[in-house]
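Here is a short report on one protein model. Please keep the sequence and the coordinates open while reading.

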Amino acid sequence: LQVSDRGNELQLNLKSLKVPVLHGSNGLSQKAAGEGRASYYYSLTRMQTEGVLKVGGKAEKVRGLSWMDHEFGSNQLAQDQVGWDWFSIQLDDQTECMLYLMRRKDGSVDPYSSGTFVNADGSTRHLDLNGYRVEVLGRWRSPTSGADYPMKWKVTIPAEQIELEINPAFQNQELITNRSTRVTYWEGAVNVRGTARGKTVGGAGYVEMTGYAGKLSL
């Protein structure tokens with residue numbers, strides 16, 4: 001990957017440490033009731049990443065882990081859906097999980113919401129909405145858009161004996177894309193800590209939230 005913007009540069013080499021993960025049913029991820037309310041969706045959940053970051057003429061070597069998503073389809077949100085909350089989590093026990101909540105206008109969560117747990121060896125477990133819980137522990141109101149976002153979460157996956165607390169790296173990671181897609185939403189880095197199978201675990205992740213600054217329309 002190569003990025004250059006106003007004199008700043010980022011060059012990264014990425015190598016997947018696990019096989020691709022297919023979400024949903026063999027890669028078909030249903031988002032609502034009815035034909036066509038789905039997307040094809042796969043991820044590379046743990047990618048070894050190394051490269052160079054140049055800022056203000058100064059170069060620094062960087063390294064870490066990346067996550068790549070590829071989701072594609074022709075569907076839009078159902079009439080009773082306003083947006084989604086999406087989580088990608090990399091734990092330091094070499095496991096990962098992807099979870100999403102499709103939110104309805106009445107405040108409920110669509111039962112087609114689902115997720116995937118990825119074991120250290122790359123094998124996966126599909127999670128339906130009954131297989132995980134997401135509890136909001138805090139909120140943040142954007143001073144720019146006025147949108148009121150969840151801003152701290154407790155995530156529980158009982159079958160994997162996982163209980164996590166998720167905190168944003170910083171609150172204001174809202175994107176207001178007036179010069180491109182004209183969608184206002186929040187997405188950004190989060191820190192993760194908790195327990196997995198009785199052991200303390202930490203990690204990092206990414207959260208995307210849409211529909212809080214008005215119904216998402218693409």
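**Basis.** This is a predicted model, in which local features need pLDDT of at least 70, side-chain atom pairs count only at pLDDT 80 or more, and totals for chains, interfaces and linings use all residues. Numbering starts from 1 along each chain as its sequence is written, and side-chain values use heavy atoms, with hydrogens and water left out.

The largest pocket has a volume of about 950 Å³. A pocket here is an open set of points on a 1 Å grid over the protein atoms alone, where a 1.4 Å probe fits, with protein on both sides within 12 Å along at least five of seven lines. The volume is the space filled by probe spheres set on the points, which are joined across faces, edges and corners. Lining residues have an atom within 4 Å of a point. There are 35 of them, and D69, E71, W84, W86 and E208 lie nearest the centre of the pocket. Strands β5 (38–55), β6 (58–72), β7 (81–91), β8 (96–104), β15 (184–196) and β16 (199–209) each give two or more residues to the lining. Strands are DSSP runs of E, at least two residues long, numbered from the N terminus. By class, the lining has 18 nonpolar, 11 polar and 6 charged residues. Nonpolar means Ala, Val, Leu, Ile, Met, Phe, Trp, Tyr, Cys and Pro; charged means Asp, Glu, Lys and Arg; the others, Gly among them, are polar.

**Cores.** A nonpolar core is a set of buried Ala, Val, Leu, Ile, Met, Phe, Trp, Tyr and Cys residues joined through side-chain atoms within 4.5 Å. The largest one has 27 residues, and Y149, L164, I166 and M209 have the most contacts inside it. At least two residues of this core come from each of β7, β8, β12, β13 (162–168), β15 and β16. The largest share, 5 residues, is from β12. Apart from this core lies another, of 8 residues, including Y41, W84, W86 and M98.

**Accessibility.** Four residues are set out here by relative accessible area (buried under 20%, exposed over 50%, partly exposed in between; 1.4 Å probe, protein chains only).

| Residue | Relative accessible area | Class |
|---|---|---|
| D110 | 3% | buried |
| D148 | 26% | partly exposed |
| Q94 | 38% | partly exposed |
| N26 | 71% | exposed |

**Two aspartates.** D148 sits in strand β12 (residues 148–157). Its side chain makes a polar contact with the side chain of R139 at 3.0 Å. Such a contact is a pair of N or O atoms within 3.5 Å; within protein, one must be able to donate a hydrogen and the other to accept it, and residues adjacent in sequence count only if both atoms are side-chain atoms. Beyond four places in sequence, D148 touches R139, W140, R141 and Y212, where contact means heavy atoms within 4.5 Å. The C-alpha atoms of D148 and Y212 are 6.5 Å apart, across 64 residues of chain.

D110 lies in the loop between β8 and β9 (114–118). A polar atom of the D110 side chain is 2.9 Å from the backbone nitrogen of Y112. Leaving aside neighbours within four places, D110 contacts K31, A32, Q81, M102, R104 and L129.

**Backbone angles.** Most residues other than glycine have a negative phi. N26 has a positive phi of about 55°, in the loop between β3 (21–22) and β4 (28–30). Q94 also has a positive phi, near 75°, in the loop between β7 and β8.

Key
Helices (H or I, at least four residues) and strands (E, at least two) are DSSP runs, numbered from the N terminus.
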